[in-house]
2 protein chains.
Amino acid sequence: MRTIKDVAKLAGVSVATVSRALNKSGYVSEKSQLKVEAAIKELDFYPNEVARSLFQKKSKLIGLLLPDIANPFFPLVAKGVEDKVNEMGYKLILGNVQENPLKEAEYIRTFAQNNVAGVLSAVESSSKDLKNMPFVMLDRITSDKEYSVHSDDYQGGTLAAMAVSERSPGQVVVMVGPRSVSNSLVRLAGSVKVLEENNLTYQLFETESYQFDSAQESAHQLFELFPNVKSIIASNDIHALTIMREAIRRGLSIPSDVQVIGYDDNPYSKLMYPSLSTIAQPAYQIGYKGAEILCNRIEGLKVKEKISNCQ
Amino acid sequence: MRTIKDVAKLAGVSVATVSRALNKSGYVSEKSQLKVEAAIKELDFYPNEVARSLFQKKSKLIGLLLPDIANPFFPLVAKGVEDKVNEMGYKLILGNVQENPLKEAEYIRTFAQNNVAGVLSAVESSSKDLKNMPFVMLDRITSDKEYSVHSDDYQGGTLAAMAVSERSPGQVVVMVGPRSVSNSLVRLAGSVKVLEENNLTYQLFETESYQFDSAQESAHQLFELFPNVKSIIASNDIHALTIMREAIRRGLSIPSDVQVIGYDDNPYSKLMYPSLSTIAQPAYQIGYKGAEILCNRIEGLKVKEKISNCQ
DNA sequence: TTGAAAGCGATACCAG
DNA sequence: CTGGTATCGCTTTCAA
């Protein structure tokens, strides 16, 4: 790899001038500028980001923390993030935390060690150790002190319950995600409001995790616990699909015997038959908007609202 | 962030000694070692990877090039990669190329600018510009000069065709992925062999892309072109699911009127009803094994076979 | 066994 | 406008 010194030598100027020409900072005569540009082209030079980062104490990298990249919600978030940060000249260090707090802490340290410009996190607990880097939460709210982007969970919960209420719901079971994930509770609040307004009774069924592997087990338990369940508001599409499958395995028809409402933005839901009703979460937009807010903060622009809603 | 200087001062030794203690390289008296360790703990010091990388001309980062992270095959690959590189102390820079050669070239440059230790790529064209970095292809073979990991496509094609042949196939259509993707052709060869052995006639249907968005259009075209199709060997699960959906939309039953064989390792296929037959590709393992080979090469271990099969 | 000092490749201050 | 030089934080000779 060529360095700025090679360029300086070839262009017959000092490294300082090359640097100025490169960054269009400070004074450079047109003549020098042209010589430098020619040399850069000739040598196929591109600046070493590591050296830049060392001096500036800030790289063009952004950390992205995801709970589980195998959950199809998050690749979409990642895609939104990637599109926006690329637009702004940043790249991503991917941190797939797999709901493991140790991995999460390790990643946050790595981010610091690599002078990331900022961090985007869709992991619940992460706010604590991120003190020093600009960061934005995705799809989660931890406190109103932090920047975050999320879909409107309360309304989502409301919509899910309304969908259920409309079609002779019978026994209703509402799945609740891990207690620690606050938007799961907000969603629940939305659902509960509607169910109570309609004088429907309901049962809660807690799941510990949003991970794919445990969904199968949850679905089984749910039917053991509530054999007469007629309507289920699932905590995400993975659970919803798994529940439908379990229902079919038990000889129940969908939606006549059991109706299921999913919750996520999983492109596969659309391909399912019989169709799964689902409350869309704008995964891509959450990522894109979160990245936008983060980049603005990094570049020093004021971001008015700390908590942003999507759609 | 603390620096090695702070540690040196607190421990009462030179920075050189701290560095040696940190890396367990060269001579350090036990006494010094202990003083350094105590200081490190006291200050909560961790080395700046950027400075390291600048000196070593090599970072602890690995570039990962993916054609489309929204295609559920690739998050699984990424997960396998991530698990292995983490094990070996590396982190990932994510490059989602979206089948765009410009983005790809940009990412390869970024990787170089950040002194990545190596690159893993599931993108067809990428080998050219990667000359100087160790790299391994995932799920693709470009030439026998490059390291690569892939599933056995020929056998996969064989299996798909056998599954079709077993159940009164009627008119068979074999979807072929983009011509540029060589393993798509290898798969086809496997299928063709079996179909011809069984004296079955078949039609080819080419698709331009593995992208999600175009699948819908392909499915529509397929039925327009081959209205009497009875068996379809789809080029991946996204196409398979989309085709099933299109079939249903057209009032056909599955699998009695139309049978579809998918090809990928998409966890959602399993949740489908009516069940989609699918030839599993070990996405996670491809990622994991590719990362293993790359890490071994980076660490200077000999890797015997250039082309590795998975499962 | 230790520490002083020379880089790694870029930026930015400051004198000219 | 330009160039010399200190600097970012760390590693690695090399001499002591």
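Predicted model: local features only at pLDDT ≥ 70, side-chain atom pairs only at ≥ 80, totals over all residues.
View 1. Which surface does each copy use? The copies meet through the same surface, because 100% of the interface residues of chain A are also interface residues in chain B. About 4,700 Å² is buried between the two chains, and carbon and sulfur atoms give 65% of that area.

**View 2. A salt bridge joins B:Lys91 to A:Glu106.** Side chains of opposite charge can pair when their charged atoms come close. In the pair shown here, B:Lys91 and A:Glu106 have their closest N and O atoms 2.7 Å apart. How many salt bridges are there across the interface of chain A and chain B? There are six.

**View 3. Inside chain A, A:Arg250 pairs with A:Glu224.** Over all chains, the salt bridges come to 17. In this one, the closest N and O atoms of A:Arg250 and A:Glu224 are 2.9 Å apart. The two partners are 26 residues apart and link distant parts of the chain: A:Glu224 sits in helix H9 (residues 212–225) of chain A, while A:Arg250 is in the loop between helix H10 (237–249) and strand S9 (259–263).

**View 4. Two helices of chain B, H5 and H11, pack together.** Helix H5 (residues 73–87) and helix H11 (residues 283–298) pack at an angle of about 35°, and their axes are 7 Å apart. Their crossing is right-handed. On the H5(B) side, the residues in contact include B:Phe73, B:Leu76 and B:Val77, and those on the H11(B) side include B:Ala283, B:Tyr284 and B:Ile286. What is this contact made of? Its residues divide into 11 nonpolar, two polar and five charged.

How values were computed
Residues numbered from 1 in each chain as written. Chains lettered and ligands numbered in written order. Heavy atoms only, no water. Contact = heavy atoms within 4.5 Å. Axes fitted to C-alpha atoms, helices over the stretch in contact; angles between N-to-C directions. Helix = DSSP H or I, 4+ residues; strand = E, 2+ residues; numbered from the N terminus. Left-handed = near helix turned anticlockwise from the far one by under 90°. Nonpolar A, V, L, I, M, F, W, Y, C, P; charged D, E, K, R; others polar. Buried area = accessible area lost by both parts, 1.4 Å probe. Salt bridge = Lys/Arg side-chain N within 4 Å of Asp/Glu carboxyl O.
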